[in-house]
Amino acid sequence: MAETKIPRATAKRLPIYYRYLNILLDADKKRVSSTELSEAVKVDSATIRRDFSYFGALGKRGYGYDVETLLAFFKKILNQDTLTNVALIGVGNLGHALLNFNFHKNSNVRISAAFDVNEAIANTVQSGVPVYPMTELKKQLIEQQIEIAILTVPTTVVQEITDDLVDANVKGIMNFTPLRISVPETVRVQNVDLTNELQTLIYFIEHYGQQLGENGHDDQNETQD
Ligand code: NAD
């Protein structure tokens, strides 16, 4: 089941569905219709039905979806029953903010180790997370079995750090720097660029006004990522 090939846009919506289903479960709700779900998560119901169809027929006409079954299903797909430890490299302005946030609410992801070349911050604990010097990068990642890393370092050093991460068997990198890093095919990169996101938003407002999708959310758009 975990190997089901799904479009990237669908994959991005899964955590949104998951969060809302948890709320329904807490409220003791047994079933939910795609219309109800649609209103709550701001994704149109046709998209929801299509998203769910990638995993087989999960809903019944006239009944909707069984909350517990759906939740168990997403939990498995999203790996929510295992805690994923993530490393953060570069504890500067952005790195500090991410450490402080640390994803823990409603998610099973947490930053468990941070690294920085700056001696003033290495060997300290920031927002409850130990910060190691870069000389310990490979050792710690392997020992702590960390396979995901977040990069919040200056662009000048990002490629060399990426190479070190690959060397330490990292499988996924969330890259906050504006530089596009080179990795082997076995490593997946997710680029996050706030400037880009904001410029895209401005572009859509200027060119299309309010006509972007039923609920105004671009995450319904299959071609967008
Ligand atoms: P910053 O200068 O405050 O922090 C960078 C940190 O990296 C510092 O703590 C520094 O000691 C550390 N560092 C430098 N060289 C290193 C090395 N070789 N190994 C390990 N650590 C090293 O910068 P910032 O404002 O936090 O920005 C960090 C990166 O994130 C930059 O590339 C910036 O362009 C990018 N950024 C992205 C977004 C976004 O939306 N994606 C937003 C803001 C900043």
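Which residues does UniProt list for "binding site"? The unreviewed entry gives Gly90, Val91, Gly92, Asn93, Leu94 and Gly95; UniProt positions follow the numbering used here, feature names are shortened, and annotations may be inferred rather than shown by experiment. The model is a predicted one, in which local features need pLDDT of at least 70 and side-chain atom pairs count only at pLDDT 80 or more, while totals for chains, interfaces and linings use all residues. Residues are numbered from 1 along each chain as its sequence is written.

Gly92 is in the loop between β3 and α5, helices (H or I, at least four residues) and strands (E, at least two) being DSSP runs numbered from the N terminus. With 13 C-beta neighbours inside 10 Å, Gly92 is partly exposed. Here a residue is buried if 20 or more other C-beta atoms lie within 10 Å of its own, exposed if 12 or fewer, and partly exposed in between, with C-beta atoms placed from the backbone. Gly95, for its part, belongs to helix α5 and is buried, as 24 other C-beta atoms lie within 10 Å.

Now to the ligand. Its shell holds 24 residues, and the closest are Gly90, Gly92, Leu94, Thr177 and Leu194; a residue counts as near if its C-beta atom, placed from the backbone, lies within 6 Å of the molecule. Elements contributing two or more residues to this shell are α5 (93–101), β4 (109–116) and α7 (155–167). By residue class, the shell has 14 nonpolar, 8 polar and 2 charged members.

On to the strands. β7 (residues 148–151) pairs in the parallel sense with β3 (residues 84–89), over 4 bridges, where pairing takes at least two DSSP bridges between the strands. β7 also pairs with β8 (residues 172–175), again parallel and over 4 bridges. Ile150 in β7 stands opposite Leu88, and it also stands opposite Met174 in β8. Together β7, α7 and β8 form a right-handed β-α-β unit, meaning that, with the strands pointing away from the viewer, the path from the first strand over the helix to the second runs clockwise. In the loop between α7 and β8 comes Asn169, a residue other than glycine with a positive phi near 70°. Asn169 is partly exposed, with 14 other C-beta atoms within 10 Å. Asn123, not a glycine either, has a positive phi of about 65°; it lies in the loop between β4 and β5 (124–126) and is exposed, with 12 C-beta neighbours inside 10 Å.

The number of its residues that are buried is 0, so α8 lies largely in the open. Thr195 in this helix is exposed, with 8 other C-beta atoms within 10 Å. Thr195 and Pro178 are 17 residues apart in sequence, and their C-alpha atoms are 9.3 Å apart. Just after α8, Gly209 takes a positive phi of about 55°.

Finally, UniProt (unreviewed entry) places a "DNA-binding region" at residues 16–55. That span is 70% helix and 5% strand, with its end C-alpha atoms 16 Å apart.

Technical notes
Nonpolar A, V, L, I, M, F, W, Y, C, P; charged D, E, K, R; others polar.
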